Amino acid sequence: MSSVAYVVQPPMTAKCPTRWDIHARCAVRMPDEEIDLPVGTWLLTLPPAENGRSAPPHYRLADGRVICLDDSLTADQATVLTDPQALVALTAYQPLEQAVLEEWGLWTEQIDPSAPFRLIRCPLCGGTAFTTVAFSEIWCDGCHAQFNVRYTAGDPGFVVDCTMRYLQYQDTHYLIPRNEGLLLTMVFKNGGDPFDMNHTSQCHRQDCSEEQTALTDGQDSPLRAGLHACGLGEVYSWSFYGHVPTVYQYERHEYHELLWPEVGCFDKHHIDPEHSRGGHTEAWPGTAFVSVTGFTREDSQNMESAAAMLQGDNSKNPSRDTLATVLQTLAARPSQAPYVNARSSWPHRKYLAEGEKYLLHRWLLQREKVDGYITAVPVWLVVVDTTEDRHSHKWQVVGDNICIGCGKPMTSADLDMAVNRFRPWDTPHGHCRKMWQQYGWRPTLFGAGTDGAPSTDEGR
Ligand SMILES: [Zn+2]
Ligand SMILES: [Zn+2]
Ligand SMILES: [Zn+2]
């Protein structure tokens with residue numbers, strides 16, 4: 001079908017079409033903006049909707065924008081554009097969606113007027129450069145975290161998931177086993193246009209004015225710096241959750257060595273006696289996996305009964321207790337991957353000093369009373385890279401004081417206050433106390449007193 005183009009005669013106004021008009025599957029509505037069409041504006045008629053829905057007539061401007069009018073143009077509103085080169089130029093333009101369909105065979109649905117990867121930053125390395133392969137996979141150029149975009153449950157906006165299957169440890173701030181079960185999710189909804197820097201009557205922030213538009217700082221938000229902060233709508237920062245990794249894949253992980261400090265660096269009340277010989281080393285990420293049995297509830301109960309029978313047996317068989325212990329251990333082991341609740345502790349990178357990273361060291365497990373399922377909370381360490389050559393990876397532990405409740409580093413003053421003060425809600429980590437008790441956790445603090453304890457200064 002050959003398109004017809006027009007030149008506007010008297011100036012007129014048009015409307016931005018709604019998303020419904022452009023693509024019936026997207027319920028996202030574009031802002032109801034009015035567009036002025038001065039004398040001489042070129043308009044290319046667009047074919048009517050393929051799905052047969054009635055829609056106002058649509059036209060495309062020379063810059064690619066699509067507009068709609070209440071009724072088709074009449075002879076006294078516009079003349080037919082006849083310049084053949086102008087017609088070629090107007091019809092040669094392809095919107096991104098059309099080009100992707102023709103070149104890649106993919107329908108593109110724009111999920112929000114603001115594209116997700118122009119707004120977010122990578123939660124693992126803080127990077128803002130993302131790459132796609134054949135529009136089917138997106139990863140962070142820095143640390144190779146992978147991303148997936150979804151619709152919200154009905155509101156305009158988007159949901160982004162971040163996974164760590166191919167995480168590169170050099171650039172990330174977080175050392176996490178490469179796995180499929182753990183993820184981070186953020187939500188952006190009911191937002192305006194954060195790229196529109198105009199101060200308008202819609203601006204709601206105290207710090208936004210004609211002279212200085214309020215901008216995001218990129219610090220405490222999943223979004224990058226320099227966006228108009230009034231145009232954000234509801235933003236829910238990255239939530240860390242999923243399932244504990246259970247199957248250690250050797251091909252995915254090189255050998256990493258975790259070096260614990262010599263005894264004396266730690267508060268001796270909190271150190272695990274097993275580690276008290278100093279300079280203790282561990283293999284990582286093995287510590288961050290949990291073995292599971294696949295047993296049913298009945299299997300576990302049978303094993304517990306068998307262990308009890310063995311212990312009740314008075315015959316002098318020396319292997320009896322050993323066998324009973326093995327059975328008890330297996331019966332107590334999770335049958336399937338423990339669940340990591342939404343918003344599990346995810347320490348903020350602003351507390352890291354130069355060269356430091358967070359390392360997911362291990363999981364604390366708890367059997368829920370209601371349904372018997374096992375939940376897990378992560379224990380994070382602060383480490384620095386002490387690798388000397390290309391063939392090994394060595395991480396020196398410099399902090400084991402990341403609160404399992406809120407993910408903030410703890411000082412011994414925080415600990416004293418949280419444990420000894422009567423009103424928990426007005427002390428740092430006051431609300432985390434319950435969780436420490438549930439999971440039997442205590443921080444291991446450097447030095448015996450407050451001296452040398454890592455600072456929790458917010459401005460760091
Ligand atoms: Zn990254
Ligand atoms: Zn503003
Ligand atoms: Zn806390």
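## Proline 261

Proline 261 is found in the loop between strand 15 (256-259) and strand 16 (281-284); helices (H or I, at least four residues) and strands (E, at least two) are DSSP runs, numbered from the N terminus. The structure is a predicted model, in which local features need pLDDT of at least 70 and side-chain atom pairs count only at pLDDT 80 or more, while totals for chains, interfaces and linings use all residues. Residues are numbered from 1 along each chain as its sequence is written, and chains are lettered from A and ligands numbered from 1 in the order in which they are written.

Because it has 17 C-beta neighbours inside 10 Å, proline 261 counts as partly exposed. A residue is buried if 20 or more other C-beta atoms lie within 10 Å of its own, exposed if 12 or fewer, and partly exposed in between, with C-beta atoms placed from the backbone. Between the C-alpha atoms of proline 261 and glycine 279, which are 18 residues apart along the chain, the separation is 5.3 Å.

## Helix 5

At 1.5 Å a residue, the 16 residues of helix 5 (residues 297-312) should span 22 Å, which agrees with the 23 Å between its end C-alpha atoms. The expected span is 1.5 Å times one less than the number of residues.

Met303, Ala307 and Leu310 are the buried residues of helix 5. They cover an arc of only 60 degrees around the axis, so they lie on the same side of helix 5; the arc is that of the directions from the helix axis to the C-beta atoms. Helix 6 (319-332) is included in what covers these buried residues. The exposed residues on the other side of helix 5 include Arg297, Glu298 and Gln301. Glutamate 298 counts as exposed because it has 8 C-beta neighbours inside 10 Å. Its C-alpha atom is separated by 9.9 Å from that of alanine 331, 33 residues apart along the chain.

## Nonpolar cores

A nonpolar core is a set of buried Ala, Val, Leu, Ile, Met, Phe, Trp, Tyr and Cys residues joined through C-beta atoms within 7 Å. The largest has 57 residues, and Leu124, Ala145 and Leu359 have the most contacts inside it. Strand 19 (residues 374-385) supplies the largest share of this core, eight residues. Another core, of nine residues, lies apart from it and has Ala5, Ala14, Leu37 and Tyr59 among its members.

Leucine 359 touches Leu175, Trp284, Trp380, Leu381, Val383 and Trp395, not counting residues up to four places away in sequence; two residues are in contact if their C-beta atoms, placed from the backbone, lie within 7 Å.
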